[in-house]
Amino acid sequence: TDVLVDGFQKTGVVAAGTGLAADLLRVTVVGQGPTPVTAQNGIQVSGGAVADAVSCDVSAVDYTGSGWTAAGLLIFGPAVADFDDCTVDHCESSVYFADGSGSFDNGQVTNPHGDALYAYSYGAKAMVTDRPLPQPFETGISGTPDKTAITVSITGSTFVGAGVTDSWGPSAWGVGPTTFTVDDC
């Protein structure tokens, strides 16, 4: 509760591991801004963890190198994360559900330098997409892609792009079973 994280190298806040339940309230994460050094992640939930995040803010998480994407909010499955009243500003991939489930409700994404929100199910064909993939802090600890069905819902949220070439608003791509719902946005 009421935490500020800045000046970090790879990931601001991580909740990872089967059996871990995390509650994040008013957590603010400030990245390095555009950098070719590290594909940062602001808040990461992974490796079987479950998290509820309320009134959290992530900004300036933007990787300019190649091969990966930086994620403001990264849900790297297996994991479940629900975000309510959270803001993501000036991040490369603002919200990225990669083989993870959850929700983004009453939130705001502004000035993404890449995709606003992306739900991606690896399914049977691991890591096949034309979008840059996120890089969690440690793949072995974070979990590995599997064929688990994912469910992502977005309600009452606002997405304002920055006019970046080839950027997407809320979108989903699934080889595995995927349920993607967007309401009142």
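In which sense do strand β6 and β9 pair, and over how many bridges? Select residues 50-54, which make up β6, together with β9: the two run parallel, over five bridges. Strands here are DSSP runs of E with at least two residues, helices are runs of H or I with at least four residues, and both are numbered from the N terminus. Two strands count as paired if DSSP finds at least two bridges between them.

Before going on, note that this is a predicted model, in which local features need pLDDT of at least 70, side-chain atom pairs count only at pLDDT 80 or more, and totals for chains, interfaces and linings use all residues. Residues are numbered from 1 along each chain as its sequence is written, and side-chain values use heavy atoms, with hydrogens and water left out.

**Stop 1: strand β9**

Select residues 80-84, strand β9. Ala81 and Phe83 form its covered face. Val80, Asp82 and Asp84 form the uncovered one. Opposite Asp84 stands Val54. In β12, Asp105 stands opposite Asp84.

**Stop 2: Phe83 and the cores**

Which residues does Phe83 contact, leaving aside its neighbours within four places in sequence? They are Ala53, Leu73, Ile75, Ser103, Phe104 and Asp105. Contact means heavy atoms within 4.5 Å.

Phe83 also belongs to the largest nonpolar core, which has 36 residues. Val29, Ile43, Leu73, Phe83, Val95 and Phe104 have the most contacts inside this core. Strand β7, residues 57-63, gives the most to the core, with three residues. A second, separate core has nine residues, including Phe76, Tyr118, Tyr120 and Leu133. A nonpolar core is a set of buried Ala, Val, Leu, Ile, Met, Phe, Trp, Tyr and Cys residues joined through side-chain atoms within 4.5 Å. Buried means under 20% relative accessible area, exposed means over 50%, and partly exposed lies in between (1.4 Å probe, protein chains only). In soluble globular proteins, nonpolar side chains tend to be buried together.

**Stop 3: a six-strand sheet**

Colour β1, β4, β7, β10, β13 and β16. In that order, these six strands form an open sheet with parallel pairing. β1 and β16 (158-160) are the edge strands, and each pairs on one side only. The twist averages 15° from one strand to the next. For this angle, axes are lines fitted to C-alpha atoms (for helices, over the stretch in contact), and angles run from 0 to 180 degrees between N-to-C directions.

Zoom in on β4 and β7. Six bridges pair them in the parallel sense. Select Val30: its bridge partner in β7 is Ser59.

**Stop 4: the salt bridge**

How many salt bridges does the count come to? The count comes to one. Select Arg26 and Asp2, whose closest N and O atoms are 2.6 Å apart. A salt bridge is a side-chain nitrogen of Lys or Arg within 4 Å of a carboxyl oxygen of Asp or Glu. Arg26 is in the loop between β3 (21-25) and β4 (27-35), while Asp2 is in the segment before β1 (3-6). This pair links distant parts of the chain, 24 residues apart. Arg26 is partly exposed, at 39% relative accessible area.

**Stop 5: the aromatic cluster**

Select Tyr96, Tyr118, Tyr120, Trp168 and Trp173, which form one aromatic cluster. The count of aromatic pairs comes to five. Rings of Phe, Tyr and Trp (its six-membered ring) pair if their centres lie within 6.5 Å; planes under 30 degrees apart are stacked, over 60 edge-to-face, and the rest tilted.

Tyr118 and Tyr120 are stacked, at 6.0 Å centre to centre with 10° between the planes. Tyr118 and Tyr120 are buried. Next, show Tyr118 with Trp168. This pair is edge-to-face, at 5.8 Å centre to centre with 70° between the planes. Tyr118 lies in strand β14 (residues 117-121) and Trp168 in the loop between β16 and β17 (170-174), so the pair ties together parts 50 residues apart in sequence. Tyr118 has 0% relative accessibility, whereas Trp168 is partly exposed at 30%.

**Last stop: Ser171**

Move to Ser171 in strand β17. Ser171 is buried, with a relative accessible area of 13%. Leaving aside neighbours within four places in sequence, Ser171 contacts Leu117, Tyr118, Ala119 and Phe180.
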